[in-house]
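Let's take a walk through this one together. Have the coordinates open in a viewer and follow along.

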Amino acid sequence: MRLLFREALLSFRRAPLLSGLSVTTIAFSLFTVGLFLLVALNLRQALKGLEERVEIVAFIMRGTPPETITLASQDIAAFPEVKDVEYVTEEQALGRARKDLVEFRDAYRDLSVNPLPASFEIRLKDGYRNATAAAQVAKRLEGFSFVEDIRYGRDWVERLDKLRNLAGVVGFVIGLAFAAVAVVIIGVTIRLTILQRTREISIMRLVGATNRFIRGPFLLEGALKGLMGGLLSLVLCYAGFRLFRDSNLGTLGGLVFFGLDQMGLLVLFGVALGLIGSLVSVGRHLRDV
Amino acid sequence: MIRFQSVFKSFPNGALALKDVSFHVSKGEFVFLTGHSGAGKSTIMKLMFGEQRPSQGDVRVSGLALTDLSPREIPRLRRKLGVVFQDFRLLDDRTASENVAFALEVTGARRDTIPARVMRVLTQVGLAAKARAYPRELSGGEQQRVAIARALVNDPPILLADEPTGNLDERATRGVFQLLREINAGGTVVVMATHDLDLVRQAPYRTIELRDGAVVYDSADEAPEEEAL
């Protein structure tokens with residue numbers, strides 16, 4: 001084991017330029033992947049904020065008896081799609097309007113009769129925040145005789161669905177492309193190291209080293225390069241993130257960076273890329289040496 | 001220890017490198033392989049350490065049949081052989097003792113036994129004082145001694161030497177040859193390919209001469225009673 005590390009590290013010491021170059025290339029390919037993931041992450045975060053606002057509002061006819069409302073509220077809460085139901089009385093509606101719509105505060109204060117209807121505000125469960133589920137719930141709500149009107153912004157919910165799907169597909173494709181590029185780059189640098197060490201490999205063979213033994217240091221080298229590239233790409237991503245956040249574009253606020261587990265995944269991804277790249281390259285080239 | 005039985009080897013272009021080569025090397029022997037360049041000496045060496053396979057015929061070394069040896073078994077063969085070349089084949093960025101230790105590390109020897117074993121063989125070849133020198137700091141003869149130490153450190157029963165003195169001056173040649181004789185005296189089979197006929201005449205060892213890929217002379221055939229022993 002110690003030997004394995006010594007041999008792998010030896011190649012860094014012997015070819016610092018080549019090693020540095022390959023770590024940098026890995027870092028930059030992962031940086032691109034990372035930047036895209038950041039965009040996807042923030043897009044998803046933003047969409048999630050929007051998702052939580054997917055809410056169905058059922059306005060209730062004036063004069064509906066409280067017992068009916070209580071019963072109906074229990075019924076609606078029992079729908080499989082529904083997370084919770086909130087009954088908003090006419091007074092509460094007015095209070096909210098006064099608070100939210102500052103411009104009309106004076107107008108609302110002088111009212112002798114409350115013009116706002118009571119309503120049910122229904123939030124959907126996580127998996128049901130899409131156009132189909134919302135439409136289904138709305139249809140069932142229409143069945144209640146005291147429901148005057150239902151709003152859930154159908155177009156908007158549908159567009160949200162499409163955006164989410166598109167973001168998923170684009171992210172997957174671009175991520176895959178960059179991962180492939182990284183594998184090729186790592187493969188090439190490992191191949192260069194192997195060519196550079198042809199003599200050494202033939203001597204190892206001569207004194208009876210097994211192929212497994214010869215392969216070990218190269219695989220470790222690839223994994224180490226992936227690890228370093230991954231860490232470096234995180235630093236680059238963070239720098240890019242800070243730069244963006246502190247610029248004018250970032251004033252939108254609410255931007256998030258990777259969590260610890262996501263950072264770990266990105267680095268792990270780098271290690272996996274390094275390992276795959278060297279595995280492919282070593283497998284093919286050891287036979288020719 | 002080594003047996004060639006009707007061995008043919010053809011080059012990729014179809015020309016024959018070896019034609020119907022048969023010989024047998026017993027325990028404790030020292031054998032010269034002689035002949036001009038291209039006569040087939042190196043091909044026989046390569047067949048013996050498994051770098052090439054015979055096109056036809058049977059090659060056995062240390063009880064392993066090399067004709068149908070799988071590539072995975074080649075490391076096993078190499079550990080039973082020590083091989084020395086004209087160009088030494090040392091790793092330039094390692095010291096003499098590291099070069100020798102490398103052969104032990106590669107075979108998975110216990111770490112704590114390595115330094116003692118390395119010093120023992122370096123002492124045997126007379127280079128204990130230069131254990132920490134790099135190949136470029138050593139003379140040709142000294143480099144070849146390091147290569148011999150590396151070949152011996154695994155205690156192989158057979159030592160193959162392909163033109164081991166080809167790059168050395170006369171003095172170094174004598175030294176290296178003397179070392180190989182000592183190694184043989186210790187019981188190791190030594191097969192030495194050389195075109196240095198002076199060297200061959202110096203010593204009373206068996207000589208197999210090759211010409212155009214065929215054995216044209218084997219001193220063992222003239223003394224059949226020796227073969228019987």
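The strands here, at least two residues of E, and the helices, at least four residues of H or I, are DSSP runs numbered from the N terminus. Strand 1 (residues 2–10) of chain B runs antiparallel to strand 2 of chain B, with 6 bridges between them; for two strands to count as paired, DSSP has to find at least two bridges. Zoom out and you get an open sheet of 4 strands in chain B, ordered 2-1-4-5, with antiparallel pairing. Strand 2 (16–25) and strand 5 (64–65) of chain B sit at the edges with a single partner strand each, so one side of each has no neighbour in the sheet.

Before going further, a word on the ground rules. This is a predicted model, where local features need pLDDT of at least 70 and side-chain atom pairs count only at pLDDT 80 or more, while totals for chains, interfaces and linings use all residues. Residues are numbered from 1 along each chain as its sequence is written, and chains are lettered from A and ligands numbered from 1 in the order in which they are written.

Now for the packing. The largest nonpolar core has 69 residues, and those with the most contacts inside it are Leu33(B), Val100(B), Ala149(B), Leu159(B), Leu160(B) and Val190(B). A core here is a set of buried Ala, Val, Leu, Ile, Met, Phe, Trp, Tyr and Cys residues joined through C-beta atoms within 7 Å. Buried means 20 or more other C-beta atoms within 10 Å of a residue's own, exposed means 12 or fewer, and partly exposed is in between, with C-beta atoms placed from the backbone. Helix 3 of chain B provides the largest share of this core, 7 residues. Apart from it lies another core, of 27 residues, including Leu37(A), Leu38(A), Leu219(A) and Leu273(A).

Click on Leu33(B) for a closer look. Leaving out residues up to four places away in sequence, Leu33(B) touches Lys41(B), Ile44(B), Val191(B), Met192(B), Ala193(B), Ile208(B) and Leu210(B). Touching, or being in contact, means that the C-beta atoms, placed from the backbone, lie within 7 Å.

Two loop residues of chain B deserve a glance at their backbone angles. Phe88(B), in the loop between strand 6 (81–85) and helix 3 of chain B, has a phi near 65°, a positive value in a residue other than glycine. Phe88(B) is buried, with 20 other C-beta atoms within 10 Å. Glu163(B) sits in the loop between strand 7 (158–162) and helix 6 (170–185) of chain B, and its phi, near 50°, is a positive value in a residue other than glycine. Glu163(B) counts as buried because it has 21 C-beta neighbours inside 10 Å.

Where do the chains meet? The contact takes 13 residues from chain B and 11 residues from chain A. On the chain B side, helix 2 (74–78) and helix 3 (96–106) each supply at least two residues, and helix 3 of chain B gives the most, with 4 residues. The residues on that side divide into 6 nonpolar, 1 polar and 6 charged.

Over to chain A, which has 10 helices and 4 strands. Of its 289 residues, 27% count as buried. Strand 1 of chain A pairs in the antiparallel sense with strand 3 (residues 118–124) of chain A over 6 bridges, and also with strand 4 (residues 147–151) of chain A, antiparallel over 4 bridges. Glu55(A) has Arg123(A) as its bridge partner in strand 3 of chain A, while Phe59(A) stands opposite Asp149(A) in strand 4 of chain A.

Conventions:
Two residues are in contact if their C-beta atoms, placed from the backbone, lie within 7 Å. Ala, Val, Leu, Ile, Met, Phe, Trp, Tyr, Cys and Pro count as nonpolar, Asp, Glu, Lys and Arg as charged, and the others, Gly among them, as polar.
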